[in-house]
Amino acid sequence: MSPAIPNACERRLPDAPLSRARQGAVLCLASLLALLALALRGSGREPLWLAQLQPTLAQFSPTLWSLLSVAGLGWAALGFVSVQKPALAERLWPTGLFALLVGGVLAQVLKKSINATRPPSVLGAGELWVTGDPLYFNAMPSGHSATAASLMLLLWFLARPPRWGQVLLVWAAVAVGLARIGVGAHWPSDVLAGWALGLVMGLLALRVVPQPPAWMQGPAGVRARAAAGLLSGCVLALTPWGYPLAESGQWLMGLGLIAAAAWQLWRHGALARPAALLRMVLGLLLLLALLAWAAPQVDLQQWQASLARVAPSDWLLASLALLLSLGLRGWRVQLEWRARRTRSELPAASLSYGASLRLLLLHTLALNWAPLRSGELGYLWLAQRQYGATAAEALASLVWLRLQDLLVLGSLSLAAVLAWWLGQGAGLALLMSAACFLAGSALLRGVLARLQPSTELQALSQGRWARLRAALAQAPSLGAQRPIALLSLANWWLKLAALSGLLMALLGGSPLQGLLAAIGGELGGMWPIQATAGLGSYEAGVAGVAAWLGVEMTLPLVLAAALAVHGLALLLSTVAGLLVLLFYGFPARARVATLRVA
């Protein structure tokens with residue numbers, strides 16, 4: 001019998017021996033670079049030498065130095081190590097991540113401690129040529145140079161390139177350092193110190209992570225690295241790094257990382273639905289193209305000034321609240337269908353919380369990105385596959401879900417407007433809305449219960465309308481109506497609390513104003529005819545409420561704030577849905593002999 005051929009993810013390159021001689025050589029080189037940096041900094045002639053060096057570098061294109069500055073970013077390095085072949089990436093990714101994180105933190109500490117000024121603080125406009133946004137403080141060491149040196153050392157020892165590859169690695173690290181001098185961001189001593197720090201961090205990473213962690217091996221590791229590559233590509237492409245000449249190049253770098261990460265997922269990720277990856281990548285590329293077209297028409301300075309009003313911790317807290325609201329909504333779906341299927345032969349796994357949450361996330365994904373709210377049909381299809389529901393049952397469940405959503409938003413709208421008219425706060429609005437919602441739910445259950453066909457009608461007609469009327473009548477009376485109603489109220493309260501808090505900070509208003517703006521956006525996003533993901537209608541709803549409240553902000557800033565909040569909610573729900581689609585796929589078709597409604 002022939003020996004089994006190992007999987008591509010199992011083939012690993014044997015590490016080059018990291019002997020004491022090699023370690024000593026690296027440490028000697030790092031020490032020499034550090035001593036040269038200190039000598040240059042202490043000589044007092046560095047401004048003169050820089051003024052002589054820059055004309056030589058200026059012979060090359062400023063676009064080249066701008067591109068190399070972007071390529072030396074930590075995000076670019078993280079993306080590069082994330083999209084390598086599994087045999088190399090299993091060792092390169094954890095060591096590279098360690099070097100980038102520890103080296104980045106140490107570089108920032110040294111920058112703050114040394115507090116060295118940058119060339120634009122010392123030299124005038126006629127003595128220094130600056131490309132991109134000028135930088136004035138925290139010069140030593142150069143973080144870009146440290147990143148390039150760390151990556152060069154790791155590739156040298158782990159990839160074991162041929163002699164020409166080793167020369168290319170050295171020249172790449174040197175080019176990134178020269179780019180920082182060419183754009184006027186660093187002194188030569190800063191670059192030398194950055195190279196020294198990078199070599200030490202690379203050597204330390206090889207010592208601390210001698211073997212690839214277990215979670216980084218196999219298809220699971222490929223998926224984790226590809227996710228980091230996709231994130232790095234998006235950040236690299238969408239973030240303004242202060243180098244206008246490199247904008248086209250950074251878009252190409254970002255798209256290249258996205259394409260490479262997608263290929264690794266497709267080839268080695270063992271995905272449940274490989275075709276879904278292609279659709280996701282094509283949609284992501286289309287979104288990036290639309291953003292590239294729209295970005296020049298937006299005042300980025302006003303956008304950034306608006307976003308700077310909210311602390312990163314507040315964005316994180318709002319993200320956790322939005323994710324928790326999705327979890328409560330999945331629990332609501334589980335309770336409803338468990339009540340419907342208490343005496344059925346449906347497998348218990350189909351009624352678990354995880355399965356119900358996955359169905360809810362897939363439905364939300366379809367609802368967000370299918371045009372004209374056609375994604376609502378996804379709920380009908382998913383419920384029939386997972387719960388074995390009839391078309392009437394699935395439609396009745398969806399109608400009851402949407403009626404509860406409208407009841408929550410309607411009661412909140414009335415209570416918030418009344419509280420605004422009375423001059424009260426958001427707390428009173430929430431209490432009044434809870435009372436209105438509970439009373440409205442009881443009234444709505446009574447109205448729907450009257451839709452139950454009579455026994456004679458059921459005997460005479462088994463048409464679609466009769467079955468739908470029966471399903472609608474049963475929807476609010478399955479024995480779990482109270483917890484379902486409370487979960488509907490809780491998930492909307494949590495979602496609106498997150499959105500209103502962000503809008504309150506961005507618009508500079510009170511909590512009640514933020515709540516009214518968030519409600520306006522949700523009501524605007526519920527129109528039956530709208531653009532994909534509700535883009536435009538949500539922002540229009542927020543802007544309309546802001547105008548009614550008399551918010552003292554220009555319309556572009558209000559729209560920018562609404563788009564930022566809406567984008568956060570869309571990003572979280574979309575990423576969660578895509579993860580379910582890629583790792584679990586669609587629910588399997590339910591196979592039961594009989595399905596009896598409780």
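Q: Is Trp337 buried or exposed?

A: Trp337 is buried, at a relative accessible area of 0%. Buried means under 20% relative accessible area, exposed over 50%, and partly exposed in between, with a 1.4 Å probe and protein chains only.

Q: Before I go on, what are the ground rules here?

A: This is a predicted model, so local features need pLDDT of at least 70 and side-chain atom pairs count only at pLDDT 80 or more, while totals for chains, interfaces and linings use all residues. Residues are numbered from 1 along each chain as its sequence is written, and side-chain values use heavy atoms, with hydrogens and water left out.

Q: OK, aromatics. How many aromatic pairs are there?

A: There are 4 aromatic pairs in the structure. Rings of Phe, Tyr and Trp (its six-membered ring) pair if their centres lie within 6.5 Å; planes under 30 degrees apart count as stacked, over 60 as edge-to-face and the rest as tilted.

Q: What's the geometry of Tyr136 and Phe137?

A: Their ring centres are 6.5 Å apart and the planes make 50 degrees, so this pair is tilted. Tyr136 is partly exposed, at 40% relative accessible area. Phe137 is exposed, at 55%.

Q: And how do Trp337 and Tyr387 pair up?

A: Trp337 and Tyr387 are stacked, 4.8 Å centre to centre with 10 degrees between the planes. Trp337 sits in helix H14 and Tyr387 in helix H16, so the pair ties together parts that are 50 residues apart in sequence. Helices here are DSSP runs (H or I, at least four residues), numbered from the N terminus, as are strands (E, at least two). Tyr387 is buried, with a relative accessible area of 0%.

Q: Switching to charges. How many salt bridges does the structure hold?

A: The structure holds 6 salt bridges. The criterion is a side-chain nitrogen of Lys or Arg within 4 Å of a carboxyl oxygen of Asp or Glu.

Q: Which residue does Asp190 bridge to?

A: Asp190 pairs with Arg41, at 2.7 Å from N to O. This pair links distant parts of the chain, with Asp190 in helix H9 (residues 188-208) and Arg41 in helix H1 (residues 20-43), 149 residues apart.

Q: Is Asp190 buried or exposed?

A: Asp190 is buried, at 0% relative accessible area. Arg41 is partly exposed, at 30%.

Q: What about Arg329 and Asp405, what's the N to O distance?

A: The Arg329 to Asp405 salt bridge has N to O at 2.5 Å. Arg329 lies in helix H14 (residues 312-340) and Asp405 in helix H17 (residues 391-422), so the bridge ties together parts 76 residues apart in sequence. Both Arg329 and Asp405 are buried.

Q: Where do Arg402 and Glu376 lie?

A: The side chains of Arg402 and Glu376 form a salt bridge at 2.9 Å, N to O. Arg402 is in helix H17 and Glu376 in helix H16 (residues 376-387), so that pair ties together parts 26 residues apart in sequence. Both Arg402 and Glu376 are buried.

Q: Last one, Leu494. Where is it found?

A: Leu494 is in helix H21 (residues 481-507). Leu494 is partly exposed, at 24% relative accessible area.

Q: And what does Leu494 touch?

A: Leu494 touches Ala321, Leu324, Ser325 and Leu328, not counting residues up to four places away in sequence. Contact means heavy atoms within 4.5 Å. The C-alpha atoms of Leu494 and Leu326 are separated by 9.5 Å, with the two residues 168 apart along the chain.
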